[in-house]
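User: I'd like to learn how to read a few features of a protein model. Can you walk me through them?

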Amino acid sequence: MKFTSVNLLDELAKPEFSSLLSAFQERRFARQSMIFSPVYDDETDTAPAPAAERPRDQSLPENYVFIVRQGLVRVYLAYGEKEFTIAFLKPGDVYVSHSSALVQAVEDTVILVVDTATFNRRMMAVPQFTITVVRVLGGILKNTFSIVDGLALRDVSARLARYLVSSAQENAPGPDGRRRVRLQLSGEKLAQSLGATRQTISTLLTDLTRSGILLKEQRGVYCIMDESRLRELLD
């Protein structure tokens with residue numbers, strides 16, 4: 001569940017992009033703190049509660065671009081007590097603030113941030129970076145449709161299977177040729193991200209383990225024993 005496979009930290013580390021990288025400033029956020037909460041013109045029942053709970057001067061401004069340098073960031077929507085996770089951002093992932101989504105540091109996080117106006121000016125001065133931006137935008141569009149499809153059209157078991165497959169693909173296979181999934185969220189947060197209850201997700205993980213599809217190696221770490229059967233749940 002991420003927007004793009006392009007690692008912008010690697011791209012910006014190239015000498016030809018040094019002027020663009022110098023525009024970013026480093027910011028640190030503690031675990032569970034809000035990085036961004038959108039501002040609403042008027043208070044309604046659909047406005048995310050965390051936006052009101054956190055003073056605006058403690059979060060980022062509205063028009064900005066940031067890249068995760070370290071940690072894990074969650075992008076999500078909140079309506080009353082319901083939360084819907086859009087993506088988890090890892091080092092190298094980028095986010096732009098023009099949306100109604102909330103952004104939270106899942107763990108201690110370091111980001112590189114720049115206002116969009118400065119980013120646009122610097123990018124125009126480095127035309128070759130446009131190719132990278134097009135690749136990023138293409139990846140975001142593709143994966144956004146995939147995320148919406150998973151949340152709106154699939155049942156909970158399919159959403160969990162998709163999360164496990166997607167997370168596993170981000171890790172190289174172990175010496176035994178199998179991929180591992182490390183659940184970086186608490187049971188409650190994982191359930192919220194998949195639009196289900198904690199008990200439902202716990203039951204499904206237990207069922208996948210008993211059926212031999214998963215092997216629980218330690219708390220929060222699962223080995224995918226039969227990826228083909230896990231993928232069958234995606235249909």
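Predicted model: local features only at pLDDT ≥ 70, side-chain atom pairs only at ≥ 80, totals over all residues.

User: How many helices and strands does the chain have?

Analyst: Helices (H or I, at least four residues) and strands (E, at least two) are DSSP runs, numbered from the N terminus. This chain has nine helices and 11 strands.

User: What share of the residues is buried?

Analyst: Buried means under 20% relative accessible area, exposed over 50%, and partly exposed in between (1.4 Å probe, protein chains only). Of the 235 residues here, 45% are buried.

User: Which residues of helix H4 are buried?

Analyst: An α-helix has 3.6 residues a turn, so residues three or four places apart point the same way. In H4 (residues 116-124), the buried ones are Thr116, Thr118, Phe119 and Met123. They line one face of the helix, because they fall within an arc of 160° seen down its axis (the arc is that of the directions from the helix axis to the C-beta atoms). Arg121 and Met124 are exposed on the face turned away from that buried side.

User: Where is Gln32 found?

Analyst: Gln32 is in the loop between strand E1 (25-29) and strand E2 (34-36). Its phi is near 75°, a positive value in a residue other than glycine. Gln32 is partly exposed, with a relative accessible area of 32%.

Conventions:
Residues numbered from 1 in each chain as written. Heavy atoms only, no water.
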